[in-house]
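Load the model and keep a selection tool at hand.

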Amino acid sequence: MVKAEIESKGPRKRWSWAVVGALMAILVAVAMSSRISPSLSLFGRNSTPCRCAKYSGIVEDCCCDYETVDRLNEEVLHPSLQELVRTAFFRYFKVKLWCDCPFWPDDGMCRLRDCSVCECPDSEFPEAFKPHYGLSQDDPICQEGKPQATVDRTIDSKAFRGWVETDNPWTTDDETDNTEMTYVNLQLNPERYTGYIGPSARRIWDAVYSENCPKYPSEESCQEEKIFYKLISGLHSSISIHIAADYLLDEARNLWGQNVSLMYDRVLQYPDRVGNLYFTFLFVLRAVTKAADYLEHAEYDTGNLTEDLKTQSLMGQLLFNPKLQAACPIPFDEAKLWKGQHGPDLKQKIQQQFRNISAMMDCVGCEKCRLWGKLQVLGLGTAMKILFSVDGPEQLDQTLQLQRNEVIALMNLLNRLSESVKCVGEMGPSVEKIMEGQISSPSAPNSLWQRIWASIVETKVK
């Protein structure tokens, strides 16, 4: 009986030693791999984003380096902009969503309902949303039960108090014409994947590059043409990142998340596209800082005094942040452009090309994509208006004048670019490692804890 008991303990003892051996082997492997891949931890990937400095040095054609941009964006710009665009003044954008495409018949098809913007009848809006009232902080509830797609389509005459009604020379929409204009709550209509795919979607970007700016500027291209291309490419990269960062992964379960493969395929595997994103971010930031005095004293009037004072304070904190002024006082130097006898003609040519791109936004077959396309193109046009339309000997008698919608578009564009830069800084290195096969998909049993458990189970089975 004693002999039988000893024999019965034998397998358990051998199994225990096997488990200990497996654990020791794995822990040794962890110690060795940590030297190679410090982003790995005992329980899987480290929760701290990899801040590998793949991009370093001065951003081409700018006055700041990548490391400084990432630091300022993380510490100053991104948190300030996130709070600013949620205020009542900046979350409502006036837009004409339904216009005929001037270039070709609109045959775009949306595969998802998320590409459309839900319209609600006036009866569903609070009284403060209707004409002659200030904008309310309350969110309207859409009749169809989809608050994320709700649209405020009332025209508020009070919202334009203190703002000039002037047209932007860089865009085609007549901002002084309120006919068929609607107000859209940007917070309830986020820029994300909408299912807008196919030839119609591709045709927009193909036309943007092939007809209005060279897709790959040659050595013969002048500095202004190269910068124009980089602005369009940077905006394109930012939009692609937003789509990939908020993607419908499983339509049946309505599961949204990050499409790392799409992000890598469209942006991260191309260093020039990432560089152009940073360039566009700094270009728009330069426009905002150049217009600091104008923006500081603008009237952010929505009829809600407490909210309006908060908006004014947030804008001042952003414009005159000491860290920003010390580390990157002039993100981009526009004074070096449009020189020589051909400068005015070149500016007029590029201005017309950008106006064509602006007009193409009416050809976007997805309503929500058209909304964000129009907003960001207007924002970029406003940045160029600030930097290029009130300086120089030919504009000595001009002073900067902005309308309310231009400022809303400008700050929301800066926020979108800030989000893209933050996403690249935090996710870029990890996504690249995943795509290169150095880090497996999180859904696979590849964390060290999972491998340890798998080893124990495998040993027990044996």
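Select F332: this residue is buried, with a relative accessible area of 0% (buried is under 20% relative accessible area, exposed over 50%, partly exposed in between, with a 1.4 Å probe and protein chains only). The model is predicted: local features need pLDDT of at least 70, side-chain atom pairs count only at pLDDT 80 or more, and totals for chains, interfaces and linings use all residues. Residues are numbered from 1 along each chain as its sequence is written, and side-chain values use heavy atoms, with hydrogens and water left out.

F283 and F332 make a tilted aromatic pair, 5.2 Å centre to centre with 55° between the planes. Rings of Phe, Tyr and Trp (its six-membered ring) pair if their centres lie within 6.5 Å; planes under 30 degrees apart count as stacked, over 60 as edge-to-face and the rest as tilted. F283 sits in helix α7 (residues 271–290) and F332 in the loop between α10 and α11, 49 residues apart. Helices (H or I, at least four residues) and strands (E, at least two) are DSSP runs, numbered from the N terminus.

The structure holds 13 aromatic pairs. For another one, pick Y193 and Y247: the ring centres are 4.1 Å apart and the planes at 35°, so this pair is tilted. Y193 is in the loop between β6 (182–185) and α4 (199–212), and Y247 is in strand β7 (residues 247–250), so the pair ties together parts 54 residues apart in sequence. Y193 is buried at 8%, and Y247 is buried at 18%.

Next, the cysteines. How many disulfides are there? The count is two, a disulfide being a pair of cysteine sulfur atoms within 2.5 Å. Select C64 and C328, whose sulfur atoms are 1.5 Å apart. The torsion about their S-S bond is about 90°, so this disulfide is right-handed. Both C64 and C328 are buried.

Then go to C101 and C363, joined with an S to S distance of 1.9 Å. Their S-S torsion is about 80°, so this disulfide is right-handed. C101 lies in the loop between β3 (92–95) and β4 (118–119) and C363 in the loop between α11 and α12 (367–388), 262 residues apart.

Finish with R404, which lies over the face of F89, 4.6 Å from the ring centre. The criterion is NZ of Lys or CZ of Arg within 6 Å of the ring centre and within 35 degrees of the ring normal. R416 lies over the face of W372, at 5.3 Å.
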